[in-house]
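Thanks for taking a look at this one with me. Here are some notes to read with the structure open beside you.

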Amino acid sequence: MPDPRPQLDTTDGVVRVIGVRCTECGYPVAFARLRCPVCRGPVETERFGPDGVVWSATTVRIPVGDREPPYQLAYVDLQDGPRILAHVAGPDGAPASDVVPVGARVRLRGRNDAGDAVVEVLA
């Protein structure tokens with residue numbers, strides 16, 4: 001089974017999500033697809049981000065796998081791109097301790113030790 005987490009690209013020194021965009025309707029998707037999930041049109045590879053806006057966020061307070069609680073998760077609408085689920089890092093790179101407000105501006109930071117996408121809140 002393929003990894004369900006977004007694939008990241010850092011070839012130009014900026015972290016971006018590798019996905020596709022429909023050439024007919026423009027719908028962005030954060031994962032490789034052969035056709036658009038909305039109109040079934042053809043797609044082209046595109047890189048999204050690095051900036052985005054928090055659509056929703058939560059604090060996970062129970063252990064899930066080997067992840068130590070508490071930690072923050074946020075759904076992020078990438079600039080002109082898809083929505084992804086990411087872990088939220090604090091200013092020191094450690095997991096954020098405060099809930100990220102909806103509408104907060106964030107930037108893709110990379111991956112954590114578990115391989116999850118990570119964003120940081122912009123000042």
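1. Strands here (E, at least two residues), like helices (H or I, at least four), are DSSP runs numbered from the N terminus. Pro69 and Pro70 are joined by a cis peptide bond, with omega about -10 degrees.

2. Before going on, please keep in mind that this is a predicted model, where local features need pLDDT of at least 70, side-chain atom pairs count only at pLDDT 80 or more, and totals for chains, interfaces and linings use all residues. Residues are numbered from 1 along each chain as its sequence is written, and side-chain values use heavy atoms, with hydrogens and water left out.

3. There is another cis bond to look at, from Gly49 to Pro50, with omega near 15 degrees. Pro50 has its place in the loop between β4 (43–48) and β5 (51–60). Most peptide bonds are trans, and most residues other than glycine have a negative phi.

4. On the subject of phi, Arg40 has a positive value near 70 degrees without being a glycine. Arg40 lies in the loop between β3 (28–29) and β4 and is exposed, at 53% relative accessible area. Asp80, also not a glycine, has a positive phi of about 55 degrees. Asp80 sits in the loop between β6 and β7 and counts as exposed at 61%. (Exposed means over 50% relative accessible area, buried under 20% and partly exposed in between, with a 1.4 Å probe and protein chains only.)

5. Which aromatic rings pair up? A search of the whole structure finds one pair: Trp55 and Tyr75, with ring centres 6.1 Å apart and planes at 85 degrees, so the pair is edge-to-face. (Rings of Phe, Tyr and Trp, the last by its six-membered ring, pair if their centres lie within 6.5 Å; planes under 30 degrees apart are stacked, over 60 edge-to-face, and the rest tilted.) Trp55 is in β5 and Tyr75 in β6, so the pair ties together parts 20 residues apart in sequence. Trp55 is partly exposed at 44%, and so is Tyr75 at 39%.

6. Do look inside as well: the largest nonpolar core has 19 residues, and Val17, Val76, Leu78, Ile84, Leu108 and Val119 have the most contacts inside it. (Such a core is a set of buried Ala, Val, Leu, Ile, Met, Phe, Trp, Tyr and Cys residues joined through side-chain atoms within 4.5 Å.) At least two core residues come from each of β6 (71–78), β7 (83–89), β8 (105–111) and β9 (117–121).
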